[in-house]
Amino acid sequence: MNIAVLVKYIPNPDGNPEMGEDLRLKREGVEGGLDPGDEHGVEAALQIAGSEGEVTVVTMGPEPAVAALRRALSMGAHKGVHVSDETLKGADVLVTARVLAAALKRNEFDLVIAGVESTDGYTGTLPMAVAELLGLPNLTFARHVEVKDGSVVIERQTETGYETVESPLPAVVTVTAGANEPRYPTLKGIMQAKQKPSETLSVADLGLGGEDVKPTQEVMGMEPVAAKEGGEIIEAGEDTPAKVAEFLAKAKVI
């Protein structure tokens, strides 16, 4: 079984990201690594592939994004694909989806796995866009994934429990942080990662043109989140119910 995992390099996964003067997240010249949420996707792929399958990790980003691939390869993935191009700076979700879908089309995969959302973007829409562009079914919020008899079956996490969802392969699946416990790379895995095949592709290599990578969204401004104000304390008394009712009315709750 051939499995592809979409991964992302994010700056300062354990700290505060920095914004540049161009209102874009600084991705070069700062510490970064594999998005923690994507580690669950890599782990899920490795468990499904076992000793017979092959796992390819695919990412898009500037040169430092190689670190995300190396982390995934050190965990046990077999191949890496890195799409990097100057024209992709400032790419929005749609452009990113087009690029990743084009990269995936270069090979045949039985299953594509991704995290639910990136830690630096939080749109939660990229895997669905990739699935649409590939013409594949998309199964989301999987807390458990199993492949059998040419189908993928997941336990889809919901607010009240889970739903069992099944789909024929190939398909795109997003996994939650509760799906597994990602393995920690061993020293042997880290050393082997340097020898595993990895290719770097440009937009031209994918057969995409200028309009394909032209963003449709633009950040016009940025401001700090307003600090939360202290709550209002209502002293107990005869008029307490009336005050509570007035407060709820102002909040348009009642």
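The legends below describe several views of a predicted model of one protein chain.

Residues are numbered from 1 along each chain as its sequence is written. In this predicted model, local features need pLDDT of at least 70 and side-chain atom pairs count only at pLDDT 80 or more, while totals for chains, interfaces and linings use all residues; side-chain values use heavy atoms, with hydrogens and water left out.

View 1. Helices (H or I, at least four residues) and strands (E, at least two) are DSSP runs, numbered from the N terminus. The C-alpha trace spans about 75 × 45 × 40 Å along its principal axes. Of the 254 residues, 37% are buried (buried means under 20% relative accessible area, exposed over 50%, and partly exposed in between, with a 1.4 Å probe and protein chains only). Among contacts with a separation of 6 or more, 68% link residues 24 or more positions apart; a contact means heavy atoms within 4.5 Å.

**View 2. The second largest pocket and its lining.** The volume of this pocket is about 200 Å³. Its lining consists of 16 residues, of which Thr56, Lys79, Val81, Asn107 and Phe109 are the closest to the pocket centre. At least two lining residues come from each of strand S4 (54-60), strand S5 (79-83), helix H3 (93-104) and strand S11 (198-201). A pocket is an open set of points on a 1 Å grid over the protein atoms alone, where a 1.4 Å probe fits, with protein on both sides within 12 Å along at least five of seven lines; lining residues have an atom within 4 Å of a point. Grid points are joined across faces, edges and corners, and the volume is the space filled by probe spheres set on the points.

**View 3. The cis peptide bond between leucine 169 and proline 170.** Omega of this bond is about 0°. Proline 170 lies in the loop that runs between strand S9 (161-168) and strand S10 (171-175).

**View 4. Phenylalanine 141, a residue other than glycine with a positive phi.** The phi value is near 55°. Phenylalanine 141 belongs to strand S7 (residues 138-148). With a relative accessibility of 33%, phenylalanine 141 is partly exposed.

**View 5. Lysine 252, in the segment after helix H6 (240-250).** Although lysine 252 is not a glycine, its phi is positive, at about 60°. The relative accessible area of lysine 252 is 75%, so this residue counts as exposed.
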